[in-house]
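Please consult the sequence and the model alongside the text.

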Amino acid sequence: RGRAYWPHIRALFFALIDRRTPSTARLIAVAVVFYAVWPFDLIPDFIPWVGWLDDLIIVPLGLWFAYRLIPGHIIADARKR
């Protein structure tokens with residue numbers, strides 16, 4: 001199931017390194033990645049379920065939002081790569 005997301009993640013990566021990509025999409029994607037790897041969370045992970053919910057909601061939602069901010073022709077070119 002997780003393998004179905006790799007083509008989208010790769011396309012997002014190639015779209016983000018494209019010079020035509022809007023800077024707001026880049027900024028949001030970088031912020032989401034930093035949030036995912038940052039050792040401190042908004043809600044600590046040691047709190048059962050609630051600590052994991054912020055990671056399960058913020059990271060995919062942020063990546064989806066960055067993906068939506070990139071114009072379709074740039075995503076199409078990134079998918080070809």
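The buried residues of α1 pack against α2, α3 and α4 (72-80), where contact means heavy atoms within 4.5 Å. Helix α1 covers residues 6-16, and its buried residues are Ala11, Leu12, Phe14, Ala15 and Leu16. Buried means under 20% relative accessible area, exposed over 50%, and partly exposed in between, with a 1.4 Å probe and protein chains only. Helices (H or I, at least four residues) and strands (E, at least two) are DSSP runs, numbered from the N terminus.

The model is predicted, so that local features need pLDDT of at least 70 and side-chain atom pairs count only at pLDDT 80 or more, while totals for chains, interfaces and linings use all residues. Residues are numbered from 1 along each chain as its sequence is written, and side-chain values use heavy atoms, with hydrogens and water left out.

## Overall architecture and confidence

The secondary structure consists of four helices and zero strands, and the elements run α-α-α-α from the N terminus on. Along the principal axes, the C-alpha atoms fill a box of roughly 40 × 30 × 15 Å. Of the 81 residues of the protein, 26% count as buried. Among contacts between residues at least 6 apart in sequence, 58% join residues at least 24 apart.

The average pLDDT, the predictor's confidence in each residue from 0 to 100, is 84 for the protein, and 90% of the residues score at least 70. Confidence is lowest in α3, at a mean of 84, and highest in α4, at 93. Where pLDDT is low, the predicted coordinates should not be read in detail.

## Helix pairs

The axes of helix α2 (residues 23-37) and helix α3 (residues 50-69) come within 8 Å and cross at roughly 160 degrees. Axes are lines fitted to C-alpha atoms, for helices over the stretch in contact, and angles run from 0 to 180 degrees between N-to-C directions. Helices α2 and α3 are therefore roughly antiparallel to each other; angles under 35 degrees count as roughly parallel, over 145 as roughly antiparallel, 65 to 115 as roughly perpendicular and the rest as oblique. The crossing of α2 past α3 is left-handed. A crossing is left-handed if the near helix is turned anticlockwise from the far one by less than a right angle, and right-handed if clockwise.

On the α2 side, the residues that meet α3 are Thr24, Ala25, Ile28, Ala29, Val32, Tyr35 and Ala36. Their counterparts in α3 are Asp54, Asp55, Ile58, Val59, Gly62, Leu63, Phe65, Ala66 and Leu69. By class, this contact of α2 with α3 has 12 nonpolar, two polar and two charged residues. Ala, Val, Leu, Ile, Met, Phe, Trp, Tyr, Cys and Pro count as nonpolar, Asp, Glu, Lys and Arg as charged, and the others, Gly among them, as polar.

The axes of α1 and α4 come within 8 Å and cross at roughly 115 degrees. That angle makes α1 roughly perpendicular to α4, and α1 passes α4 in a right-handed crossing. His8, Ala11, Phe14 and Ala15 of α1 make the contact with Ile74, Ile75, Ala78 and Arg79 of α4. The contact of α1 with α4 has six nonpolar, one polar and one charged residues.

| Residue | Relative accessible area | State |
|---|---|---|
| Threonine 21 | 5% | buried |
| Aspartate 18 | 17% | buried |
| Arginine 26 | 29% | partly exposed |
| Alanine 31 | 44% | partly exposed |

Aspartate 18 lies in the loop between α1 and α2. Not counting residues up to four places away in sequence, aspartate 18 touches Arg26 and Ile74. Threonine 21 is also found in the loop between α1 and α2. Leaving aside neighbours within four places in sequence, threonine 21 is in contact with Ala15, Leu16, Arg26, Ile70 and Ile74.

Arginine 26 is placed in helix α2. Apart from residues up to four places away in sequence, arginine 26 touches Leu16, Ile17, Asp18, Arg19, Arg20 and Thr21. Arginine 26 and phenylalanine 13 are 13 residues apart in sequence and 9.8 Å apart in space, C-alpha to C-alpha.

Alanine 31 is found in helix α2. Between the C-alpha atoms of alanine 31 and leucine 63, which are 32 residues apart along the chain, the separation is 9.6 Å.
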